[in-house]
Each structure stands twice: as structure tokens, then as C-alpha cells.
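Here is a note to read beside the sequence and the model, one point at a time. Please keep the structure open and find each residue as it is named.

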Amino acid sequence: MKILREILEDAKNKIVKLNGERLCNQTSNSCGCCNWDYSLISLDEKREIVEFLRKNNEVKEKVLKNKLEESVCYFHDKELGKCLIYKLRPICCRYISYKIYEKDDCFKTCSPLEPCRKSCSTVIRLEKKDVRIEKYPLKSYQLNDERYYFIDDKVIEEYKEYKNKQNVKLNSVIEEIKK
Ligand code: SF4
Ligand code: SF4
């Protein structure tokens with residue numbers, strides 16, 4: 001986990017140096033990807049999050065309250081507009097706006113130019129021919145005379161290993177912390 005988090009953080013930092021911080025609502029309000037209860041995690045991540053919540057009662061109570069209200073991701077702090085488990089947030093939450101997804105006939109990625117708003121995602125479609133392989137683990141494409149860089153997780157060995165273990169729902173943490 002530690003190594004994969006470091007690889008992704010390093011790749012993200014390279015992109016930030018090349019393109020600046022990416023515009024995204026993800027961990028700043030509930031209109032972006034934090035609006036859903038969709039995250040899959042590994043058992044290692046689950047253990048870390050459960051342990052953290054058991055030691056931090058105030059955060060645990062907020063998560064349980066969110067669960068009762070059935071709104072947004074249960075780990076999103078609506079008052080403060082931030083992730084309650086930010087340091088331990090799932091891999092899929094860490095770099096989603098910096099990632100490029102290969103589909104059968106195209107690539108998809110978050111727009112580097114505008115953040116998503118009120119359930120209106122700005123994910124864009126790119127032709128395969130327009131996407132270029134860059135230095136590991138990045139891909140890029142040209143838009144408005146600027147080259148934008150994204151993480152290609154398929155080339156990261158540690159990510160491939162992680163994917164095989166990423167089969168637990170984040171919300172399964174709730175049952176554990178209720179015990
Ligand atoms: S779709 Fe992308 S840009 Fe929009 S909120 Fe999610 S991660 Fe951010
Ligand atoms: S765990 Fe945190 S970053 Fe991930 S969706 Fe929930 S609030 Fe957002």
C-alpha cells in the first residue's frame with residue numbers, strides 16, 4: 001500500500017509540475033465524485049480505516065451520522081467540505097482526476113480545464129490516436145495548444161497487484177465500527 005501510494009503521489013506531483021493542480025470537486029464538496037457510495041478498497045485499506053475510526057470517536061460519529069442520512073459518501077464532511085479519512089482515503093479517490101482510462105475504442109479522462117458541478121461530470125472522450133505514451137507512468141494528449149498529462153495505472157505493476165485485492169466495499173467499514 002505504502003509503495004503504491006508513493007508511486008501515485010510521485011506521478012501526481014510530476015503532473016502538477018507540468019500542468020498545475022487539476023480542477024476537481026472531488027475532496028472539496030459533495031457535487032463531485034464524493035457524491036457516491038462506490039469505492040472499492042482492499043482489506044489492508046479497510047483495516048487501516050477501521051483502526052483509525054476506532055481511535056477517533058468524533059470522526060467515527062460523523063461517519064455513522066452520514067450513514068443514517070444516506071447522503072453523499074459517508075466519509076465526506078459536509079460542514080467542512082473535506083474527506084474525513086483524507087490520509088487513508090482509498091486509492092481510487094486519490095488520483096481519479098489525474099487518471100486516464102482506456103476503453104475499447106477510446107480513452108476517457110476528467111477535463112483538465114473545468115471542475116464537475118452539481119452532478120454534471122466533465123469527463124471527456126479522446127480518440128486513441130490522440131493519446132501519446134510518455135515517460136512511465138504517464139500518457140498525454142494535446143488540447144488547445146497545451147499538452148496535458150495523466151496517469152496510466154495499467155503500466156504500474158504495484159497497481160495491477162492492488163487491483164487483484166481491491167474487492168471490498170468502502171462502506172463495509174461501517175459495520176465494523178458499529179461493533
Ligand atoms: S469526475 Fe473527475 S473532475 Fe469531476 S469530480 Fe470526479 S474526479 Fe473530479
Ligand atoms: S472516501 Fe473521501 S475522497 Fe473518497 S469519495 Fe469518500 S469523501 Fe471522497
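**Notes on the predicted model**

1. Met 1 is found in the segment that comes before helix H1 (2–19), and, as with everything below, the description rests on a predicted model. With a relative accessibility of 27%, Met 1 counts as partly exposed, because that class covers the range between under 20%, called buried, and over 50%, called exposed. Leaving aside neighbours within four places in sequence, Met 1 is in contact with Ser 42, Asp 44, Glu 45, Ile 91 and Tyr 162. For one of these residues, Glu 45, the separation along the chain is 44 residues, while the C-alpha atoms of Met 1 and Glu 45 are 7.9 Å apart in space.

2. Glu 21 lies in the loop that runs between H1 and strand S1 (40–41). Is this residue, Glu 21, buried or exposed? Its relative accessibility is 60%, so Glu 21 counts as exposed. When residues up to four places away in sequence are not counted, Glu 21 touches Val 16 and Tyr 98. The C-alpha atoms of Glu 21 and Pro 112 are separated by 9.1 Å, although the two residues are 91 residues apart along the chain.

3. The next point concerns the ligand. Around ligand 1 we find the residues Cys 24, Asn 25, Gly 32, Cys 33, Ile 96, Ser 97, Cys 110 and Cys 116, and ligand 1 itself sits in the largest pocket. How do the residues of this shell divide into nonpolar, polar and charged? Five of them are nonpolar and three are polar, while no charged residue belongs to the shell around ligand 1.

4. The largest nonpolar core has 19 residues, and within this core the residues that touch the most other members are Ile 49, Leu 53, Val 63, Phe 75, Leu 170 and Val 173. Helix H2 (43–55), helix H3 (57–69) and helix H6 (172–178) are the elements that give two or more residues to this core. Apart from this core lies another one, of 14 residues, which includes Ala 11, Tyr 95, Tyr 149 and Ile 156. As a general background for a first reading, nonpolar side chains in soluble globular proteins tend to be buried together.

5. Phe 75 deserves a separate look. Which residues is Phe 75 in contact with, leaving aside its neighbours within four places in sequence? The list consists of Ile 49, Leu 53, Val 63, Asn 66, Lys 82, Cys 83, Leu 84, Ile 85, Leu 170 and Val 173.

6. Lys 78 is found in the loop between strand S2 (76–77) and strand S3 (82–83). With a relative accessible area of 35%, Lys 78 is partly exposed. Lys 78 and Asn 66 are twelve residues apart in sequence, and the distance between them in space, from C-alpha to C-alpha, is 9.0 Å.

7. Lys 128 is found in the loop between strand S6 (123–127) and S7, and its relative accessible area of 32% makes Lys 128 partly exposed. Not counting residues up to four places away in sequence, Lys 128 touches Glu 102, Lys 103, Asp 104, Asp 105, Cys 106 and Phe 107. Lys 128 and Lys 118, on the other hand, are ten residues apart in sequence and 29 Å apart in space, C-alpha to C-alpha.

8. Some details of the backbone remain to be checked. A cis peptide bond, with omega at about -5 degrees, joins Tyr 136 and Pro 137, and the place of Pro 137 is in the loop between strand S7 (131–133) and strand S8 (138–143).

9. Asn 144 has its place in the loop between S8 and strand S9 (146–151), and Asp 145 is also placed in the loop between S8 and S9. Phi of Asn 144 is near 50 degrees, which is a positive value in a residue other than glycine; phi of Asp 145 is near 65 degrees, again a positive value in a residue other than glycine. Asn 144 is exposed, with a relative accessible area of 64%, and Asp 145 is exposed as well, with a relative accessible area of 76%.

How values were computed. Residues are numbered from 1 along each chain as its sequence is written. Chains are lettered from A and ligands numbered from 1 in the order in which they are written. This is a predicted model: local features need pLDDT of at least 70, side-chain atom pairs count only at pLDDT 80 or more; totals for chains, interfaces and linings use all residues. Side-chain values use heavy atoms; hydrogens and water are left out. A residue is near a molecule or strand if one of its heavy atoms lies within 4 Å of it. On a 1 Å grid over the protein atoms alone, a cavity is a set of points where a 1.4 Å probe fits but cannot get out, and a pocket is an open set with protein on both sides within 12 Å along at least five of seven lines; lining residues have an atom within 4 Å of a point. A molecule sits in a cavity or pocket if more than half of its atoms lie within 2 Å of its grid points. Ala, Val, Leu, Ile, Met, Phe, Trp, Tyr, Cys and Pro count as nonpolar, Asp, Glu, Lys and Arg as charged, and the others, Gly among them, as polar. A nonpolar core is a set of buried Ala, Val, Leu, Ile, Met, Phe, Trp, Tyr and Cys residues joined through side-chain atoms within 4.5 Å. Buried means under 20% relative accessible area, exposed over 50%, partly exposed in between (1.4 Å probe, protein chains only). Helices (H or I, at least four residues) and strands (E, at least two) are DSSP runs, numbered from the N terminus. Contact means heavy atoms within 4.5 Å.
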